[in-house]
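These notebook entries record what I looked up, entry by entry.

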Amino acid sequence: MKISSWEEAEVLAGRLDAEDELAEFRGKFHLPRDSNGNFKTYMCGNSLGLMPKVTTQRLQQHLKTWGQTGVEGHFHGKEAWLTIEDATSALSSDIVGARSPLEVVYMNTLTVNIHLMMVAFYRPKGERFKVLLEQKAFPSDDYAVQSQVKFHGHDPESAIIRLRPREGESTLRTEDILETIEAEQDSLALVFFPGVQYLTGQVLPMAAIAETASRHGIPVGFDLAHAVGNIEVFLHDWGVDFAVWCSYKYLNAGPGAVSGVFLHEKHAHNEELPRLAGWWGYDRKSRFQMNEMFVPQPGAYGFQLSNPPVLASVPIVSSLELFEEASITNIRRKSEKLTLYLETLLLKFVGSEIEMLTPPNPAERGNQISIQLKKANLQKVHSFLEAEGVVCDIREPDVLRISPVPLYSTFHDAFVVVKCLAASTLLSSRTNTVSTC
């Protein structure tokens with residue numbers, strides 16, 4: 001993709017938006033506005049996805065059911081509360097690559113589910129007691145792993161292997177990950193990586209990681225907080241033991257929304273798998289017999305602790321139905337086009353002021369471009385963008401994360417973001433800039 005001027009860039013954005021097969025979905029979301037009623041340029045779906053318009057109606061339906069029927073809402077209606085987890089599980093199969101709805105369940109929040117899955121899959125024994133993480137793991141993941149390691153009586157300093165990018169690079173190389181697994185095969189009790197790295201947007205080689213770890217009998221899990229609803233994943237076919245994710249980013253289920261869990265079918269009927277049990281994980285047919293001995297439901301369902309929070313589950317259902325309509329394949333295709341367009345403009349118009357942290361190959365990144373400011377003050381640049389109605393995420397001390405989400409972002413949105421960056425007098429160089437945003 002080659003662009004030589006702002007005029008050419010804007011014309012191209014208009015053409016790409018006109019050709020966008022997902023354009024209609026933008027109208028199905030509430031778009032933030034400024035104090036004058038103008039739409040903001042929202043590029044922050046990697047932190048919090050926007051609200052589908054249908055969510056309000058669906059929530060009101062359940063509130064009405066509660067008000068009019070009380071406890072009977074557990075047993076009647078399209079999404080009866082007693083089995084509402086079935087709706088979220090079935091709708092998630094395609095976007096996480098599950099073969100059976102029993103492989104997926106929504107429960108708790110992300111870090112809680114990391115702990116629950118590590119109870120099952122981190123079982124250090126003898127010389128096999130180490131966990132392989134990335135050096136820049138999201139802090140919540142790191143804290144959870146540290147606490148699990150300590151719980152088993154090990155020192156995180158010796159029990160956690162933190163893999164870092166090579167000197168001068170911002171992303172991990174596939175060969176370095178796989179070679180580390182091979183080299184540490186006799187000491188690793190768990191491999192735990194993100195699907196998409198939160199800071200750089202890099203898509204990790206999940207299939208290769210899972211294959212290598214599994215070949216040596218090492219359990220493998222992924223944190224898919226930045227992957228589900230963003231890229232295509234095929235967890236069952238890859239042989240991944242478990243995965244966890246939040247649903248408030250690309251799944252647009254609202255702040256603090258319920259987390260998802262994948263448990264591979266090969267573990268579905270293993271009742272000896274260690275777990276912290278709760279009554280909603282009990283065999284559904286006999287749950288209300290209140291028996292003393294725990295009999296788990298098969299699959300991920302058997303790891304549930306308490307009954308699902310209905311009013312927090314409904315937004316997941318309403319959003320997942322949009323994904324089913326759009327298809328994750330179409331979403332991913334637009335994502336690659338969006339980030340290519342955004343990257344091209346960034347390099348053309350502000351390239352001398354930034355370092356690109358995100359892989360240049362669209363297939364190796366999600367819908368996120370992360371840039372590192374060379375000289376400009378991050379907070380001041382961010383404040384300038386906010387004043388211009390651009391919403392994006394920052395990470396201290398100098399990283400700006402720009403996330404165009406295919407379901408509601410346009411190519412013109414990407415154009416506006418870069419134009420505003422170039423217009424900022426806060427950048428150290430004025431080359432290729434414009435006077436207004």
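**Entry 1. Terms for packing angles.** I take contact to mean heavy atoms within 4.5 Å. Angles run from 0 to 180 degrees between N-to-C directions. The model is predicted, and I read every entry below with that in mind.

**Entry 2. The four-stranded sheet.** With those terms I looked at helix 11, which lies across strand 9, strand 10 and strand 13. Helix 11 runs at about 20° to strand 10. I then traced the sheet of 4 strands: it is open, with the order 9-10-13-12 and antiparallel pairing. Strand 9 (354-356) and strand 12 (393-395) are at the edges; each has a single partner strand, so one side of each has no neighbour in the sheet. From one strand to the next, I noted an average twist of 30°. For the pairing of strand 10 (residues 369-373) with strand 13 (residues 399-402), I recorded 4 bridges, in the antiparallel sense. Within that pair, Gln 372 is opposite Val 399 of strand 13.

Entry 3. I next followed an open sheet of 7 strands, ordered 2-8-7-6-5-3-4, with mixed pairing. Its edges are strand 2 and strand 4 (160-163), each with a single partner strand, so each has one side left without a neighbour in the sheet. The twist here averages 20° from one strand to the next.

Helix 4 (residues 110-121) packs on this sheet and touches strand 5, strand 6, strand 7 and strand 8 (260-263). The direction of helix 4 makes about 170° with that of strand 7. Helix 7 (residues 174-183) lies across strand 3, strand 4 and strand 5, at about 160° to strand 4.

**Entry 4. Strand 5.** How many of the residues of strand 5 are buried? I found 7 of 7 buried in strand 5 (residues 188-194). Strand 5 pairs with strand 3 (residues 130-134) in the parallel sense over 3 bridges, and Leu 132 is opposite Val 191 there. Strand 5 also pairs in the parallel sense with strand 6 (residues 220-223), over 4 bridges. In that pairing Phe 192 is opposite Gly 221, and the bridge partner of Phe 193 is Phe 222.

**Entry 5. Nonpolar cores.** Which residues have the most contacts inside the largest nonpolar core? I listed Val 96, Val 191, Phe 193, Phe 222, Leu 224 and Trp 245, in a core of 58 residues. Helix 10 (residues 310-326) supplies the largest share of this core, 6 residues. Apart from this core lies another of 36 residues, including Leu 378, Cys 392, Ile 394 and Ala 422. In soluble globular proteins, nonpolar side chains tend to be buried together.

I then looked up the neighbours of Phe 193. Beyond four places in sequence, Phe 193 touches Leu 132, Leu 133, Glu 134, Leu 163, Leu 172, Ile 177, Ile 209, Gly 221, Phe 222 and Asp 223.

**Entry 6. Cysteines.** I found 0 disulfides in the structure. Cys 246 is in none, and the nearest cysteine sulfur, that of Cys 44, is 13 Å away. Cys 246 is buried, at 4% relative accessible area. For Cys 392, also in no disulfide, the nearest cysteine sulfur is that of Cys 44, at 6.9 Å. Cys 392 counts as buried at 5% relative accessibility.

**Entry 7. Helix 3.** Helix 3 (residues 84-96) has 13 residues. From first C-alpha to last it reaches 19 Å, close to the 18 Å expected at 1.5 Å a residue. Among its buried residues I noted Ile 84, Leu 91, Ile 95 and Val 96. The cover over the buried residues of helix 3 includes helix 2 (53-69), strand 2 (104-106), helix 9 (235-238), strand 7 (242-245), helix 10 and helix 11 (328-349). After helix 3 comes Gly 97, with a positive phi near 75°.

**Entry 8. Ile 95.** Beyond four places in sequence, Ile 95 touches Val 228, Ile 231, Val 233, Leu 251, Leu 320, Phe 323 and Ile 328. Lastly, I compared Ile 95 with His 62: they are 33 residues apart in sequence and 26 Å apart in space, C-alpha to C-alpha.

Notes: Residues are numbered from 1 along each chain as its sequence is written. This is a predicted model: local features need pLDDT of at least 70, side-chain atom pairs count only at pLDDT 80 or more; totals for chains, interfaces and linings use all residues. Side-chain values use heavy atoms; hydrogens and water are left out. A nonpolar core is a set of buried Ala, Val, Leu, Ile, Met, Phe, Trp, Tyr and Cys residues joined through side-chain atoms within 4.5 Å. Buried means under 20% relative accessible area, exposed over 50%, partly exposed in between (1.4 Å probe, protein chains only). Helices (H or I, at least four residues) and strands (E, at least two) are DSSP runs, numbered from the N terminus. A disulfide is a pair of cysteine sulfur atoms within 2.5 Å. The expected span of a helix is 1.5 Å times one less than its number of residues. Two strands pair if DSSP finds at least two bridges between them.
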